[in-house]
Amino acid sequence: MTLSPFPAVPLDIEDDLAVLPFAAFSRQFAQALAPLIRFTLGPALRRHPKWGRRMPFDVLPYGSAPSSGHVCRPDILLTAQGPKVCEMDFVPAGRGWLLAALPRESDRLAVLEEFAKWYAALGEDRVYYATGTVTQSREETGLFARAMRDLVGFDIRAVNIDTDRIGTDGLVDRLFYRSELAQPLTLGRHRVITAEPWLDSKMIFAVLHDREMTALLEESLGRENLSFLRQTCVESYLVEDVREGAREDIRTADGGAFPGLQDRGEWVMKATEVENYWSWGSRSVVLGRTHTQEQWDAYLRGTSPHQKMLGHRPVLQRFAESLDFASLWNAVIDGSLETSDPTALGKSRDLTTRRPARAPVVGRLGISFLVSHVTGEVGASPLGNLCLRQNPLTHMEGDALSIAFRPSPRAAR
């Protein structure tokens with residue numbers, strides 16, 4: 001497959017921050033998020049004859065009560081067709097990375113005040129920001145908690161949930177999976193966010209794109225919200241549906257014995273399970289364009305030697321081609337934009353991040369949406385993270401840069 005050149009994102013800087021035309025998307029996503037959560041947690045999906053057995057509802061929740069709210073950070077790619085959501089993370093990292101990339105205290109304060117407002121909307125005034133023993137995020141939780149105490153005066157403490165003693169009168173804001181715990185977790189009556197692990201499953205993308213679900217989804221989400229989510233959440237299908245020929249629209253045209261895909265370069269395969277060490281990050285992603293047809297067919301059949309990383313029920317997602325963020329990457333290199341120092345957050349730094357871009361730069365945007373089931377409000381951080389990498393699998397690795405961006409209603413200049 002020959003890749004066409006990526007359209008470029010124009011460089012737009014205001015008050016030392018990158019500016020991206022993102023405000024309209026944020027408003028629409030915030031509007032659709034609360035009904036989507038209610039539907040995912042509600043009885044209609046759990047009782048559905050197909051999807052009720054495919055969503056990972058059998059995974060035990062955390063704590064003894066439903067979540068009073070959530071932080072949701074969608075992973076978003078800016079494409080020629082507009083923003084495309086490829087994941088929704090309900091146990092998201094990134095707060096510390098964002099604060100570390102903000103040169104102005106006023107911007108750091110704006111982010112922290114939004115989180116303080118959200119905690120207050122949940123009825124909380126004491127929080128334990130928790131990681132497990134095996135983690136890549138402890139430095140980040142410590143940075144965020146210190147900033148909340150020092151700049152906002154909020155009672156929050158970063159803890160290792162395996163070893164630190166915590167009181168019974170605070171909220172556990174979870175930044176860990178069971179695979180990161182040293183021992184089985186006993187939380188008793190502690191309130192936890194997010195208590196429902198299945199919210200993180202990418203299976204919800206396949207649910208949203210099931211045309212037989214249209215009537216139920218319109219009733220549950222509203223027609224406008226469903227239209228928005230189908231447009232922005234990348235097209236997704238169950239691999240088992242493809243394997244069994246249930247999706248004729250994505251079969252090859254040659255009529256082969258096994259229903260492959262017309263072009264593996266247009267597809268990504270992802271795990272939908274939760275709580276396993278392979279169920280988050282790039283380790284559970286198979287990018288079609290980086291594999292041979294033989295390897296791709298083995299994944300489709302479920303016979304690849306690496307199949308375990310995809311779990312039992314992977315999905316296919318249409319590959320979303322990012323715009324080229326080389327101008328922002330190079331602005332970091334020449335000192336026009338700040339970047340988070342990865343070593344301050346326990347990460348290594350590759351020499352790639354000190355040189356001008358030599359290949360198209362993919363940008364993965366993340367912004368925290370703050371949901372309160374107590375008040376019904378959905379807020380959003382006034383600033384977001386932008387992960388830049390010269391690799392189509394854009395995660396915060398050593399060869400990536402993390403910067404902050406300011407959402408704007410205007411088109412890029």
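1. To start with a term: two strands count as paired if DSSP finds at least two bridges between them. In this predicted model, strand S5 (residues 126-131) and strand S6 (residues 155-160) run parallel and are joined by six bridges. One of the residues involved is Ala 130, whose bridge partner in S6 is Val 159. Together with helix H5 (residues 138-152), S5 and S6 form a β-α-β unit that is right-handed.

2. A second sheet is worth a look. This open sheet has four strands in the order S9-S12-S10-S11, and the pairing is antiparallel. Strand S9 (236-238) and strand S11 (285-287) stand at the edges with a single partner strand each, so one side of each has no neighbour in the sheet. From one strand to the next, the twist averages 25°.

3. Within that sheet, three bridges connect strand S10 (residues 267-270) to S11 in antiparallel fashion. Lys 270 has Val 285 as its bridge partner in S11. Helix H10 (residues 293-301) packs on the sheet and touches S10, S11 and S12, with its direction at about 45° to that of S10.

4. Now for a helix pair: the axes of helix H7 (residues 214-221) and helix H8 (residues 223-232) come within 7 Å and cross at roughly 115°. H7 contributes Thr 214, Leu 217, Glu 218 and Leu 221, while H8 contributes Arg 223, Asn 225, Leu 226, Leu 229 and Arg 230. By type, the contact residues are four nonpolar, two polar and three charged.

5. Finally, is Ser 322 buried or exposed? Ser 322 has a relative accessible area of 3%, under the 20% cut-off, and is therefore buried. Ser 322 lies in the loop between strand S12 (315-318) and helix H11 (326-333), and its side chain reaches the backbone nitrogen of Gly 363 at 3.4 Å.

Methods. Residues numbered from 1 in each chain as written. Predicted model: local features only at pLDDT ≥ 70, side-chain atom pairs only at ≥ 80, totals over all residues. Heavy atoms only, no water. Helix = DSSP H or I, 4+ residues; strand = E, 2+ residues; numbered from the N terminus. Right-handed = clockwise from strand over helix to strand, strands pointing away. Buried < 20%, exposed > 50% of the residue type's maximum accessible area, 1.4 Å probe, protein only. Polar contact = N/O pair within 3.5 Å; in protein donor to acceptor, adjacent residues only side chain to side chain. Axes fitted to C-alpha atoms, helices over the stretch in contact; angles between N-to-C directions. Contact = heavy atoms within 4.5 Å. Nonpolar A, V, L, I, M, F, W, Y, C, P; charged D, E, K, R; others polar.
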